[in-house]
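Okay, everyone, thanks for coming. Let me put the model up on the screen, and then we'll walk through it together.

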Amino acid sequence: MKLTLGFSPCPNDTFIFDALIHHKIDTEGLDFEVFYDDVETLNQKAFRGELDITKLSYHAFAYVANQYVLLDAGSALGYGVGPMLICKGDPEKLHAQLTTDNPQLKIGIPGKYTTANFLLGLAFPKAVNKVELVFSDIENAVLEGRVDAGLIIHENRFTYQDRGLKKIIDLGDYWEKQTGCAIPLGGIVANRNLALDVQHKINRVLRKSVEFAFANPKSGLDFIRSHAQEMSEEVMYKHIELYVNKYSVDLGEEGRKAIKLLFDTALEKGIIPEIKQDIFLTP
């Protein structure tokens, strides 16, 4: 059975999916046609229901929960992994401006439906002057003065200081202090049109792929490097360590609680619509 699968070219995703797409594990008869896209493109594809299985932002998932179900395996949740708001100028001055009733600062964001933008909305609800950019272009937009601040995700949290940029706020840290929970960034979802036994098969195979990657961390090195935007091996594996953890093997009770809290908070603040379906894969 061939299924369409979308995930990002970032090291955490290529690390997770390497064994699955290259059949280093038993895929139980499943084969995959793979699409590599940045997270906001994947979010948009999910809105259109284009893929059988896809990575997407938790923020975006709230809008497609009627069409997709969240798998227990493959998620990116964690502590100290959140998006960061950065600038070229004085971070304290910009932070103060963001807390005013009408902040005019222009902020580069990696997509309207990213979890990063959701967290920015929680921290600074009045900051609405935003421009959507591909996540890898945000640092340059800040450096060139096209935006006053940039919301960075992925490996950019390791590189922004090298380019003379400064942190206004770590939004993952903000979430952790508010809730005590890990921050849910992205998950892997399966189309509800697929039979329940197929959904469970995908989840089992994906879990095996993550476990294989943990047991053989260098196995996918060439594959990971081939998609990793001129990243050094050290930065690639720092990135993986940050985003791939126990929650990537199985959400567990803790992971599910964090996701539920994210959605409850977003619903209460009118950021997402009400979700009527059970978002988690049923036993």
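Let's start on the inside, with the lining of the largest cavity: sorted by class, that lining has eight nonpolar, eight polar and two charged residues. Keep in mind that what you see is a predicted model.

So how much volume does the largest cavity have? About 230 Å³. There are 18 residues lining this cavity, and the ones closest to its centre are Val-39, Ile-153, His-154, Leu-185 and Gly-186. If you'd rather think in elements, helix 1, strand 3 (53–57), helix 5 and strand 11 (183–191) each give at least two residues to that lining. And if you count cavities of 30 Å³ or more, the structure holds three.

Now for the largest pocket. The space in there comes to about 290 Å³. Its lining is made of 15 residues, with His-59, Asn-117, Gly-121, Lys-130 and Ile-271 lying nearest the centre. Which elements supply at least two residues each to this lining? Those are helix 3 (58–64), helix 5 (115–123) and strand 8 (130–132). Helix 5 has the largest share, with three residues. By class, the pocket lining splits into eight nonpolar, three polar and four charged residues.

What we have here is an open sheet of five strands, in the order 8-7-9-6-10, and the pairing is mixed. Why is one side of strand 8 and of strand 10 (166–170) left without a neighbour in the sheet? Because these two stand at the edges, each with a single partner strand. Going from one strand to the next, the twist averages 30°.

Zoom in on strand 7, residues 107–109. Strand 7 runs parallel to strand 8, and three bridges join the two.

Last stop, back towards the start of the chain. Strand 1, residues 2–7, pairs with strand 2, residues 31–36, in the parallel sense, and there are six bridges between them. Lys-2, for example, has Asp-31 in strand 2 as its bridge partner. To get from strand 1 to strand 2, the chain passes through helix 1 (residues 11–21), and that β-α-β crossover is right-handed.

Notes: Residues numbered from 1 in each chain as written. Predicted model: local features only at pLDDT ≥ 70, side-chain atom pairs only at ≥ 80, totals over all residues. Heavy atoms only, no water. 1 Å grid on protein atoms, 1.4 Å probe; cavity = no way out; pocket = protein on both sides within 12 Å on 5 of 7 lines; lining within 4 Å. Points joined across faces, edges and corners; volume = space filled by probe spheres on them. Helix = DSSP H or I, 4+ residues; strand = E, 2+ residues; numbered from the N terminus. Nonpolar A, V, L, I, M, F, W, Y, C, P; charged D, E, K, R; others polar. Pairing = 2+ DSSP bridges. Axes fitted to C-alpha atoms, helices over the stretch in contact; angles between N-to-C directions. Right-handed = clockwise from strand over helix to strand, strands pointing away.
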